[in-house]
Amino acid sequence: MLRTLTASFLARASLAALFFLVCFSFVLAKDEMTSSLLIGNARIDIKIEETTLRMPAKDIFRWVQAAAESVAAYYGRSPVPQVLIRITPFEGRGVRNGRTFGDSNGRITIRVGSETSSSELASDWMLTHEMVHLAFPSVDDKHHWIEEGIATYVEPIARIQAGHLKVEQMWFDLVRDMPQGLPQSGDRGLDHTHTWGRTYWGGALFCLLADVEIRRLTNNAKGLEHALRGVLDAGGDIRAEWNLEDALRTGDRAVGVSVLQPLYTRMKDKPVSVDLASLWTQLGVQSDGTSVRFDDSATLAAIRRAITTAESNAVAERSSHPRPAAVFAGRAVGRS
């Protein structure tokens, strides 16, 4: 019996050591820490410059894992097979200056304050925003609004679908912030008005309108996520350079209705006024400036609920397979 236990232990130890060597790297150089996570079939390499962060390394890994899980929940898979995340600490708190690049595989640079708490990191939205960028092709600079608009709109939905954000928070934020995307005096359409508000929130407004219309025309069977998955499945991730109209037509084909291309035609060269108050009422979102309540008898209440609900077949698939594992110092750790 003792021999059997010892052999079993040695076998497990050997497998663990092999798993560590194959799947995980943890290098502590003079001014840089390098490690890797496996989320599903995707590998995420993490490099932390100047290891002055005071938080435990496991909190960094969980932060990255949560962002990666969120994006995979929305798109049905990881956008790219491998991505490098380079983290640069700074004195202070918070997460800043995220940027995403399509060179080689995917690459993200982001700054994290050395005094950032674990709870602050857990509630961060920026890394998820940057990871969403991995899932859409690079387009001409004048279309930067679509890249930032998708990331702004999809980020909270993805976090909700992965269980990392409450749905009330998303709708509260949208009601508060979406007016920044409305056209102002002198606006010449999304392709020609490159203000911060029109780039981020004007793009997000385009996405919200598209999501609602796709769901309306398909009787809630399809939404923007299915259009964006269609683009991604056709090879349209950040490493590819595409014509925007080709991407929009690809998305329309994926959902079987023509929404993205006609909406772009309407909004690209001229300001389009949107009655947000009416839209919130139809969706059943009621905000008093400090919180939101939902009216489930509203005309588009079912669409509102569907926007943030993960597909039942995707939920079933995730429950019938082992959860995506993150590798922490050679140890596979799933979410409890």
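**Salt bridges and burial**

Analyst: Glu-225 and Arg-229 are about one helical turn apart, because four residues separate them in helix H8 (residues 224-233). Helices (H or I, at least four residues) and strands (E, at least two) are DSSP runs, numbered from the N terminus. This is a predicted model, in which local features need pLDDT of at least 70, side-chain atom pairs count only at pLDDT 80 or more, and totals for chains, interfaces and linings use all residues. Residues are numbered from 1 along each chain as its sequence is written, and side-chain values use heavy atoms, with hydrogens and water left out.

User: How many salt bridges does a search of the whole structure find?

Analyst: A salt bridge is a side-chain nitrogen of Lys or Arg within 4 Å of a carboxyl oxygen of Asp or Glu. The search of the whole structure gives 18 salt bridges. In one of them, Glu-225 pairs with Arg-229, with the closest N and O atoms 3.8 Å apart.

User: Is Glu-225 buried or exposed?

Analyst: Buried means under 20% relative accessible area, exposed over 50%, and partly exposed in between (1.4 Å probe, protein chains only). Glu-225 is buried, at 2% relative accessibility, and Arg-229 is buried as well, at 15%.

User: Which residue forms a salt bridge with Glu-120?

Analyst: The partner of Glu-120 is Arg-93, with the closest N and O atoms 3.1 Å apart. This pair links distant parts of the chain, 27 residues apart: Glu-120 lies in helix H3 (residues 118-122), and Arg-93 in the loop between strand E4 (82-90) and strand E5 (95-101). Glu-120 is partly exposed at 31%, as is Arg-93 at 46%.
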